[in-house]
Amino acid sequence: MDLKKYELQNEKAELKINGQVYEFPILEGSKGERVIDISSLRKRTGCVTLDYGYMNTGSCASAITYLDGEKGILNYRGYSITDLADNCQFVEVAYLLINGCLPTMGELGNFKVLMNKYSLMHEDMIHFFDRFPPDSPPMSILSSIVNALSVFYPEMINNPMEKIDKMAARLLSKVRTIAAFSYKKSMGQPLVYPRHDYSYCANFLNMMFDSPVAPYEVDPVIVNALDKLLILHADHEQNCSTSTVRLVGSAHVNLYASISAGISALWGPLHGGANQAVMQMLERIYLEGGNFKKYIEKAKDRNDPFRLVGFGHRVYKTHDPRSRIIKKVCDEVLTTLNCHDPLLDIAKEIEEVALHDDYFLERNLYPNVDFYSGIIYKAIGIPDDMFTVMFALGRLPGWIAQWKEMWDDDNWRIGRPRQLYVGPAKRRFMPIDKRTVCDERFS
Ligand code: CMC
């Protein structure tokens with residue numbers, strides 16, 4: 001990627017250190033957003049930057065996803081998330097993210113053929129599921145098994161760019177199978193294998209819910225809802241798990257291992273794990289008689305570590321555009337299934353109160369993608385501990401696309417942040433028999 005062409009010719013950033021002024025190029029992206037290119041900073045000044053949580057740090061140039069957190073805009077490859085969610089199947093969006101263009105009928109057909117071809121798991125891998133202790137979190141199973149794919153399918157590891165289409169199809173297809181199998185194993189039910197005659201989402205639902213004694217009837221409304229949910233989760237630029245995939249991949253680790261690391265990062269309750277935490281929070285409120293105001297007060301109390309899960313976002317400082325679409329899907333699914341969920345009522349009441357509360361307004365805290373998604377998953381029959389697995393299934397094409405973009409980028413470097421060292425400047429070494437317990441050790 002030639003970054004020179006994004007450089008502003010008439011504007012530079014100036015940094016003054018000890019009276020000396022250093023100039024740095026300013027780059028402008030295709031939507032007008034600006035970054036200061038400080039790649040020569042340390043060489044020229046001897047200084048590095050300090051930016052906890054990378055709040056102000058761009059780690060790469062990317063052509064995949066555009067996000068404007070102030071305006072609540074999210075685009076994949078230039079297409080608005082609303083257009084994609086309204087008009088596409090998840091597999092088309094996966095193709096778009098990975099290849100850069102929406103597929104033609106023929107391209108989509110070929111991609112689906114590849115996915116069907118790779119949908120089965122190596123039978124030896126199925127024994128893996130038996131060795132996990134009961135109640136193992138499905139995210140841990142998913143991460144381990146995805147990592148193990150590299151040893152079962154090593155042929156694509158060298159020169160991955162030559163075979164990236166196959167690797168992508170294999171991952172998308174197999175992760176769906178692994179996810180459904182881990183659920184079936186946890187239920188002690190026989191595994192249901194993927195079918196070539198079903199779409200991506202219908203296949204997943206069938207593998208999850210079909211059983212020899214009660215055949216599953218695929219409901220197009222549920223398939224459509226799942227397609228939308230997965231599309232909305234498919235990429236979100238340089239978030240925690242995607243940055244993990246890029247960072248791990250930057251050491252030239254294979255795609256499977258990089259994605260396995262991304263799955264682990266996504267597991268955290270501040271990231272993808274929030275959808276499960278939201279449901280736990282709503283259930284707690286419901287069981288305690290629905291007194292949600294108590295929890296809003298707890299969230300506002302600086303001395304209480306409690307946070308209103310499903311609210312707030314590092315980047316969005318207005319409504320998360322995904323949460324609006326999800327809220328609509330949630331209503332559609334519950335109406336179709338003719339099911340009333342009191343947790344949805346509580347969620348809507350919380351949203352209503354929080355959106356008019358100064359604490360949340362001043363801090364720009366709005367419902368995020370995870371606030372309503374759990375209610376949909378629950379209505380479909382997906383258990384709590386699979387919610388984050390669903391997020392991973394959706395995020396997979398984004399991780400693949402970002403990993404691929406990194407490999408293709410001439411500016412690629414191994415990821416290696418710097419630090420401000422604040423430990424002891426120098427200590428005298430003491431032999432073990434001369435050492436005393438020192439307070440410093442614990443500081
Ligand atoms: N409830 C109550 N207060 C909050 C919340 C919340 N959910 N989120 C942020 N705040 C407050 C926070 O206490 C701080 O207040 P103050 O300025 O008085 O110290 C202020 O808002 C800024 O918070 P922050 O922690 O500096 O913001 P951040 O950008 O570092 O954190 C976040 C972003 C998503 C981790 C955070 O909003 C949060 O913990 N939310 C709840 C967990 C959640 O829903 N996560 C899912 C995120 S969306 C899915 C994904 O992308 O993975």
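Trainee: What should I know before I start?

Mentor: This is a predicted model, where local features need pLDDT of at least 70, side-chain atom pairs count only at pLDDT 80 or more, and totals for chains, interfaces and linings use all residues. Residues are numbered from 1 along each chain as its sequence is written, and side-chain values use heavy atoms, with hydrogens and water left out.

Trainee: Okay, what is a salt bridge, and how many salt bridges are there here?

Mentor: Side chains of opposite charge can pair when their charged atoms come close. The rule asks for a side-chain nitrogen of Lys or Arg within 4 Å of a carboxyl oxygen of Asp or Glu. Here that gives 17 salt bridges. Take Arg-34 and Glu-11, whose side chains meet at 2.9 Å, N to O. This pair links distant parts of the chain, 23 residues apart: Arg-34 sits in strand β3 (residues 34-36) and Glu-11 in strand β1 (residues 7-17). Strands (E, at least two residues) and helices (H or I, at least four) are DSSP runs, numbered from the N terminus.

Trainee: Which residues form a network of salt bridges?

Mentor: Lys-4, Glu-7 and Lys-12 are linked that way.

Trainee: Are Asp-304 and Lys-298 buried or partly exposed?

Mentor: Go by relative accessible area: buried is under 20%, exposed is over 50%, and partly exposed is in between (1.4 Å probe, protein chains only). Asp-304 has 18%, so Asp-304 is buried, while Lys-298 has 25% and counts as partly exposed. Their side chains meet in a salt bridge of 3.1 Å, N to O.

Another salt bridge joins Lys-348 and Asp-331, at 3.0 Å, N to O. That one also links distant parts of the chain, with Lys-348 in helix α15 (residues 342-354) and Asp-331 in helix α14 (residues 321-336), 17 residues apart. Lys-348 is partly exposed at 31%, and Asp-331 is partly exposed at 31% too.

Trainee: How do I read a helix such as α12?

Mentor: An α-helix has 3.6 residues a turn, so residues three or four places apart point the same way. For length, the expected span is 1.5 Å times one less than the number of residues. Helix α12 (residues 274-287) has 14 residues and reaches 20 Å from its first C-alpha to its last, close to the 20 Å expected. Its buried residues include Ala-274, Ala-277, Val-278, Met-281 and Ile-285. Among the elements covering the buried residues of α12 are α13 (292-300), α17 (370-380) and α18 (387-408). After α12 comes Gly-289, with a positive phi near 95°.

Trainee: What does Ser-373 touch?

Mentor: Contact means heavy atoms within 4.5 Å. Not counting residues up to four places away in sequence, Ser-373 touches Leu-229, Asn-275 and Ile-326. Ser-373 is in helix α17 and is buried, at 0% relative accessibility.

Trainee: Where are the domains?

Mentor: Domain bounds come from an automatic or database domain assignment. It gives domain 1 (3-58), domain 2 (80-269) and domain 3 (274-380). The centres of domain 1 and domain 2, taken over C-alpha atoms, are 38 Å apart.

Trainee: And how many residues surround the ligand?

Mentor: A residue is near a molecule if one of its heavy atoms lies within 4 Å of it. Here 20 residues surround the ligand, and the closest include His-271, Arg-302 and Arg-314. A polar side-chain atom of Arg-314 lies 2.8 Å from a ligand oxygen atom, and one of Arg-363 lies 3.0 Å from an oxygen atom of the ligand.

Definitions and conventions: A polar contact is a pair of N or O atoms within 3.5 Å; within protein, one must be able to donate a hydrogen and the other to accept it, and residues adjacent in sequence count only if both atoms are side-chain atoms.
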